Amino acid sequence: MLRKLLLLLMLCIIFMTRRSKAAAAPSASQTLIWGPGLETNIFLPARFFFIQTVDSTGRNFTTSPGEKTFEVKITSPTDPYARIWIQILDRNDGSFLVRYRMYASYTDLHVQILLKDKLVGKSPYVLKGAVYHESCDCPEPSGALWEKNMHCPASFSQIESDLSVFPSVDPDHNTHEILKRFGKRHSLCHYTIKNNQVYIKTHGEHVGFRIFMDAFLLSLTRKVKVPDIEFFVNLGDWPLEKRRASEKPSPVFSWCGSNDTQDIVMPTYDLTESVLETMGRVSLDMMSVQGHTGPVWEQKISKAFWRGRDSRKERLELVKLARANPDMLDAAFTNFFFFKHDESLYGPLVKHVSFFDFFKYKYQINVDGTVAAYRLPYLLAGDSAVFKHDSIYYEHFYKQLQPWVHYIPFKADLSDLLEKIQWARDHDEEAKQIALAGQQFARTHLMGDSIFCYYFKLFQKYAELQVTEPKVRDGMELVEQPKDELFPCYCARKKVRDEL
Ligand SMILES: *[C@@H]1O[C@H](CO)[C@@H](O)[C@H](O)[C@H]1NC(C)=O
Ligand SMILES: *[C@@H]1O[C@H](CO)[C@@H](O)[C@H](O)[C@H]1NC(C)=O
């Protein structure tokens, strides 16, 4: 009996090691490849697609098969010297994010993914026709076609809700009213987009942040014909419109919304810039985070982590809490600016920690700063579980997030934070699932394609509400498209536009 059992056990072991050996080899034919970067008309500053490693039995890899497993080549048959910068980011979970940025436009781009010289999936993927680069001024004349090409969702609940308090929008009236109410004490940009040209007049002292909005509007109008619109952007941190829906609020676009205001929210300047400057000026963006998530879940430290500055009272509480409970929570200030720095209460300032190193910890604390903490998209994109502060402030995507699915909620006064951290420690598998769901959310809703869709949808819906003609007002100046003299683009769509 015992011998039989032993034999069975041995057979089992042999079978299992065989299987795991077979499972360890990625398969070129089974491996999955998908994403917007494989489509000509998903015109983004940096294009991207995903690789999910699959073995010959059809099983997904859940750990990295090795950073250098795949090779990616992107070529153009018409241009042997195509200048395309490619990065393969290992997401450490069996999948890769491949991104590329082009410095010129090309025809019939061929994307080849190779596994030891074997073509993977259905590669080469051919992006037929003209594939435009970021600085190419080549708007698609039909907004509807552009949205279809981009696979934009039919609606965004935040846009519906923000615009629901404005049965109509009167640019003539707003020009007068918004400037009278907010123009003196706040920093505002008054924009008109007319015939897909961007015009601006700034109001107030601190208008430096207009560069983010200018850059985005120029990028959008290079990609699609935007309806004629006239609107005001609030450049300050706080949302402005405190009138209730019944009190004739004025439409003001802001980067942050709140439960107490009626501002129309847009993706934050931070997220927007990171989309425009991916593989450019910024190093922290929604893609780079996914390639730097540190150790796998099981090897992460089972503590909550936070670094930042003292821009809200609750942050002081958070650091005090950490000092009293160092085994659960590692939170410290890298900067003191708003409050008096009492070292006996808040400890010394600590050295800045690279954002990528946050993900050495299983739990990430997102607590408001001046307004919503604009780091939430990047925290979600990592592979730690995010703890989110209940707050009156929100960004454009919060409405789509669900507590206990995408994040672990904690109270505005932090009174249940330790309890929630303990819960996560006691429910490791659930916490891991929340981390994964948050990451999946970021992948589907917060990448460049979604950000472009959101803005376009917002402008389009807003344009539909206008009851007077948007105008280029006195004192407005044209925001010019930068000249790309090195790599001019030959826009096949231009003719169509010029005839319009
Ligand atoms: C494998 O990964 C792909 C891509 O994420 C996913 O769509 C698919 O459902 C996964 N398959 C299994 C069996 O989990
Ligand atoms: C703000 O509003 C949301 C949605 O109605 C709610 O869930 C949240 O608790 C509110 N937060 C605060 C601090 O009032």
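## Notes on the ligand sites, salt bridges and backbone

1. To start with the shell around ligand 2: its residues divide into 1 nonpolar, 2 polar and 1 charged. The four are Asn259, Asp390, Ser391 and Ile392. Please keep in mind while reading on that this is a predicted model.

2. Here are the polar contacts of ligand 2. A polar side-chain atom of Asn259 sits 2.3 Å from an oxygen atom of the ligand, and a polar side-chain atom of Asp390 is 3.2 Å from an oxygen atom of ligand 2. Ser391 takes part through its backbone: an N or O atom there lies 3.3 Å from a nitrogen atom of ligand 2. On its own, ligand 2 has 360 Å² of accessible area, of which the protein covers 39%.

3. An N or O atom in the side chain of Asn60 is 2.3 Å from an oxygen atom of ligand 1. The protein buries 36% of the 360 Å² that ligand 1 exposes when taken alone.

4. On to charge pairing. Side chains of opposite charge can pair when their charged atoms come close. In this model the count comes to 23 salt bridges. A few of them are picked out in the next points.

5. Which parts of the chain does the pair Lys223 and Glu134 tie together? Lys223 lies in helix H5 (residues 210-223), while Glu134 lies in the loop between strand E8 (125-131) and helix H2 (143-150), so this pair links parts that are 89 residues apart in sequence. The N to O distance of the salt bridge is 2.7 Å. Lys223 is buried, because its relative accessible area is 0%, and buried means under 20%. Glu134, at 10% relative accessibility, also counts as buried.

6. Glu317 and Lys320 give a local example. Their closest N and O atoms are 3.6 Å apart in a salt bridge. Both residues belong to helix H7 (residues 313-324), and because they are 3 residues apart there, about one helical turn separates them. Glu317 has 37% relative accessibility and counts as partly exposed; Lys320 is partly exposed too, with a relative accessible area of 30%.

7. Another pair to view is Asp228 with Lys225, whose side chains meet in a salt bridge at 3.9 Å, N to O. Asp228 counts as partly exposed at 23% relative accessibility, and Lys225 counts as partly exposed at 25%.

8. Which residues form a nonpolar patch on the surface? They are Phe337, Phe338 and Phe339, and together they have about 330 Å² of accessible area. Phe339 is in the loop between strand E16 (329-335) and helix H8 (343-346). With a relative accessibility of 35%, Phe339 counts as partly exposed.

9. Now for the backbone. Most residues other than glycine have a negative phi, and most peptide bonds are trans. Pro124 lies in the loop between strand E7 (118-119) and E8.

10. Two asparagines also have a positive phi. For Asn92 the value is near 70°, and for Asn196 it is about 65°. Asn92 is placed in the loop between strand E4 (84-90) and strand E5 (95-102), and Asn196 in the loop between strand E9 (188-194) and strand E10 (197-203).

11. Are these asparagines buried or partly exposed? Asn92 counts as partly exposed, at 26% relative accessibility, whereas Asn196 counts as buried, at 4%.

Technical notes
Residues numbered from 1 in each chain as written. Chains lettered and ligands numbered in written order. Predicted model: local features only at pLDDT ≥ 70, side-chain atom pairs only at ≥ 80, totals over all residues. Heavy atoms only, no water. Near = heavy atom within 4 Å. Polar contact = N/O pair within 3.5 Å; in protein donor to acceptor, adjacent residues only side chain to side chain. Areas by Shrake-Rupley, 256 points an atom, 1.4 Å probe, with all protein chains shown as cover. Nonpolar A, V, L, I, M, F, W, Y, C, P; charged D, E, K, R; others polar. Patch = residues over 30% accessible without salt bridge, like charges linked within 9 Å, V, L, I, M, F, W, Y side chains within 5 Å. Salt bridge = Lys/Arg side-chain N within 4 Å of Asp/Glu carboxyl O. Helix = DSSP H or I, 4+ residues; strand = E, 2+ residues; numbered from the N terminus. Buried < 20%, exposed > 50% of the residue type's maximum accessible area, 1.4 Å probe, protein only.
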